Amino acid sequence: MRALLRLAWREARRTKGRSALIIALVALPVVLATGLLTGGHTADVSLREGLPSRLGSADAYVRATETDGPVEQDADGSSYSSGDPRAAPRTVTAREVAALLPGARLIPVSYGSLYGVAGLDFLGVLEADLRDPMTAGMRRLVEGRLPSAPDEVAVSPPLRGRDTLTTRVGTVRVVGVVEDPFHPRRPELVALPGSVLRTDERYDGESAWLADTPGPVLWSDVRRLNSRGLVVFSRAVIQNPPEPPEDEDPAEISMVVGIGVAIFMIVLETVLLAGPAFAVGLRRRRAELAMIAAQGGSARHLRAVVLADGLVLGGLAAVAGTGLGIVLGWALAWVLSRFGGALGPLEVPWWPVLGCAALGLASGVTAAIVPAVQAARQNTAAVLAGRWPQARARAGKPVLGLALLLAGIAATAAALRVGEVWIFAAMVLAVVGLVALMPWLVARSARATGRLPLPLRLAVRDASRHRVRTASAAAAVMAATTAVLAFGIGFYSNYVDNRDAYWPGAPHGTLFVGAWPRTDDARWASIKEQVARRLPGVRFVEAREAVGPGSGARVRLALWQDLSACPHRCKNYAANGDHVPIGDQRLLRLLQGRDDPAAAAAFARGRAVVFDRDLVRDGKLRLRVHSDGPGPGPDVVEVPAVLAEAAQPRQGGAVLPTAAVEELGMKTHERRLYAHYPADDDGLREALADAEVHLETGYENYVEPQLWVLFGAALFLVLGGTFVATRLAAADARPDLAIVHAIGGTPGLRRMMLAGQAGYIAGLGALTGAVSGAVTGVALAWPMTGIRNVGTFGPGQAWPGPAVIAVPWPFVAGVVIGLPLLAALVAGLCTRNAPPPLTRRPT
Amino acid sequence: MTVVRLANVSRSYGEVHALRNVDLEVAAGRLVAVMGPSGSGKSTLLNLAGGLDLPTSGTVTLEGVDLAAVKDLAALRRRSVGYVFQDLNLIPSLTAVENVMLPRELDGVRARQARAEALAVLEEVGLAEAAGRFPDELSGGQRQRVAIARALVGERRLVLADEPTGALDTRTGDEILQLLRGRADAGAAVLLVTHESRYAAWADRVVFLRDGEIADSALLEEVR
Amino acid sequence: MSIRYGLLALLSRGPRHGYQLRQEFEASTGATWPLNIGQVYTTLSRLERDGLIRQGEADEQGRVVYEITEAGRAEVERWFGTPVTPADRPRDELVIKLAMAVATCPDALKVIQAQRTASMRAMQELTRAKRDTASPAQRLVLDSMIFQVEAEQRWLDHCEAVLREEQS
């Protein structure tokens, strides 16, 4: 065995180019997988790693829940359940907590977030006195000084450069810059406790503290605090969990299948891409192998020689790939942290990484299997005599291949209603079938070339003669095309389905300004004034919000859809469905875009005007009532309604007159503005820190980025695979091309022939891949669009219905037709023009 | 009428002089054989005569045209000069008839016509029934005959053969020479390189090369 | 015939007496052609009669020494310069001539080349005759002659190669 490895090692060094190619092909997936795993784990700050950021040097973080009844929490307090819903709401004081933790010193602390401050949708806030030694380590002072007064704050580096900030409590001065070592680029505001956050902006309820205790806060202490309605995050518990940390959910079987499918496809693609290189290497070594056989080497030895080749190259690839992957992964995490991600210490998840390395090694060996079997079967005598080797081997196993393909298609049909993952598993079956069919297809297609022009005829015949190399490359293209088309069609169907279901409640170009919850009248007036100042001359229509009769808390009225009434899937009315506009005739007119006397009359009579037939049943519109404050849960009410036409054909929703809301027993107050103003204004958003600003521009998701990513992956794989095969073809065809040159062929012929071969390989692969990809993609449309989880508008239910199948034709054409043409073009351009040298016997 | 003439031709590669001051003429209807030990420059002579190589000094004239002045030597090889080598003559992925039509196709002749011409020549060399077979289905002699057919297709005036009988037995070798002789008699000029005197004897003139120079030549007197 | 010219060729290198001539002749032809002294003296007297050699002085032992005349030298040159035709010779003639050439003639390579060219011409004629014949039997006869000439040519090639190697 060692002799074989040494032989393989020498061979690898001798053919440096080919070896480098194979190593690169096999190592690439290893690098990517290892990089992502390492990067992911490094960027993921585990609880233990992140302790200083959360606790500083304190022993525990304690927060009160709404009640003082017992609570059950998990080890880190991130989830807890209140035991007794009937327990009375109560505020726990610091003194009570201190009593529970004898000898402890407590300082108040709070986490929360602000909306719309400093032009950011979301700004994290930490309220803590960073001057206190207990907070040492939580944040690092980078510039300036720490806040020491209620109107002073510090910011994190992304917000550097501002002198003041405006929050809802007022304006504060920025006196310093602090950094969270684990989240260096996350925007954050640090202030003294109680100075910036209002209760509804806090994450941790009414009160929370950091505690410094004489001894560690053990799990028994935590349970004690739990019984009084307090949740605890304790350093000691995190470092020594009471029970082993709960395993992640035992992997669901579909996740296992999904990962298995992905791994299989990646390994398959790698093997197919590296196959041609091994096949060519085998051809060069024929004489060497024949000599070994003549010296007494058995078939097993010959196979072992070629497999050793795969072992050496696969091993090198695995090692190099793993090393490179770890470095890249760390670099990736570091780069992401500059953009606001987290950054933990370098963490390499060894088991998965070693798994990837092992797969790389396996790929290398697998790619060498077919050539190894061929090596054992070669006709020793013929090779030693220098006779032309028989190129008439059996053309693969077409029967088996066809059977697998049909089985795969059948399985796909069966998997339609089961789930995406199973459809992919069926796709794998079909792909393997096509791989087995490929040699037969290659052999067959050579017969049909009689009438082609010379360079193409030569290209296809030559490709067909070197069957292993060609079939392998074409299969690689096929597998890539299948996957890309399947995803592409699936995503696009999903996108079209979502897009078509989007029925905005206001015409395109409507600008909407709404107050956040709990905005009082004075503030609302100030907001209106700011709006008027910033957008002079724009006519706004005021709209109202419902408020609960007693509490004055905001009440949200949302459109309710009956699942059984929705024809295919229930429409998505977006913001205006969640919160139906309430107002007067002017609002009605704005939403209708015109005067509609009939609708206006009904509106005046207190009827809701509805723009969508599906929403009205028996002349009534149904609404769900959600209250922001305490009180009973969501309820469903009915309002008499009439149908009318909206401003645009693709507009839905409804509008309620104030009278109808009052009829339901609620009051209203003015908190919203609508206008037709189709220009987006970021300045307005920033200026109105207190309000939500939204411009209706239609369905806002894009599918293009996903399709481009898929196309890029296809481009890479298809061009890469054909490039490999074409380079090998160029080397193999040298003697033939020398003959052509001798009898008067032009150098251009060489280009055309190689371009033709590239196009043939890519074309054959793309066409076969199009078949399996289309089948899979269409099948994917079912689980992606047919099964709906209509949670928001009604009780969450799966709604199996007809699927939307949308095919992105330009994308498909680009992949199936464009890429092979591009491959041919690139191959033609990349061949050097020098005619092959005449290598005749020297006389 | 002279088809190819080498006038005071020399070819050297750096320090090595492959040919020195060679004068050679091959007229139409004549078969000229070149003999010599290995290293004497036989193949170089052949390459120069066919335009596959250009001399360092001296001129090579083909049908009156100085090869040094020709821009498209490849066209020359397609139309005027036919080549037969000892081995590796045929392209394995093409059938016999496709190999024979190759120079015509390269010249732009339509496939149908080229195929007809090729079949005619294959008929001449007696291989019409093997037209659709691939080279690895043919014997060595048959392959050489196909190669000769390819060198003949399209009424070429000059046929250059470099050890065409190298790998063949006597009987087959004689057949090959018979073909070449027949072609010469029909009006082509044939320049043959061989190391077997028996085959050289088919020629009208045998030229002996020694160290890149012509040492002697044996001329068969005209009897006609 | 060939003994006559062989002796003449030997004498062209210097005067010899009979026994010497016989020894040298045998040495030159590699003991495959034993001469008896009587043949030698008969040939020598014929040569003298033709004026190609003359008797010189006796040496100290009283043996007669012969030396070559101008006419004799010319004759040797002519003999070397004239290739042997297949018609008028047994193969041996060629062998002797070549052996002599290698032993005595300064430009043996030229001799070899000339012989080869002549053989080739002969073979060409034979080949043409073969082409023109319809009868397979006649063709085979011609073939036998062709093969023999080919063998001769091969041997000539070999002589040339050996000679070159010795010279370098």
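Visitor: In which order do the 4 strands of the open sheet in chain A stand?

Guide: This is a predicted model, in which local features need pLDDT of at least 70, side-chain atom pairs count only at pLDDT 80 or more, and totals for chains, interfaces and linings use all residues. Residues are numbered from 1 along each chain as its sequence is written, and chains are lettered from A. Strands are DSSP runs of E with at least two residues, numbered from the N terminus, and two of them pair if DSSP finds at least two bridges between them. The pairing here is antiparallel, and the order is 4-12-1-13.

Visitor: Which residue is the bridge partner of A:Pro108 in strand 12?

Guide: Strand 4 and strand 12 (residues 208-212) of chain A pair in the antiparallel sense over 4 bridges. In strand 12, the partner of A:Pro108 is A:Trp209.

Visitor: Why is helix 24 of chain A largely enclosed by the rest of the structure?

Guide: Helices are DSSP runs of H or I with at least four residues. Buried means under 20% relative accessible area, with a 1.4 Å probe and protein chains only. The buried residues of helix 24 include A:Leu737, A:Ile739 and A:Val740. Helix 24 (residues 734-742) is largely enclosed because the buried ones number 7 of the 9 residues.

Visitor: What percentage of the residues of chain A count as buried?

Guide: Chain A has 26 helices and 26 strands. Of its 843 residues, the buried part is 51%.

Conventions
Side-chain values use heavy atoms; hydrogens and water are left out. Buried means under 20% relative accessible area, exposed over 50%, partly exposed in between (1.4 Å probe, protein chains only).
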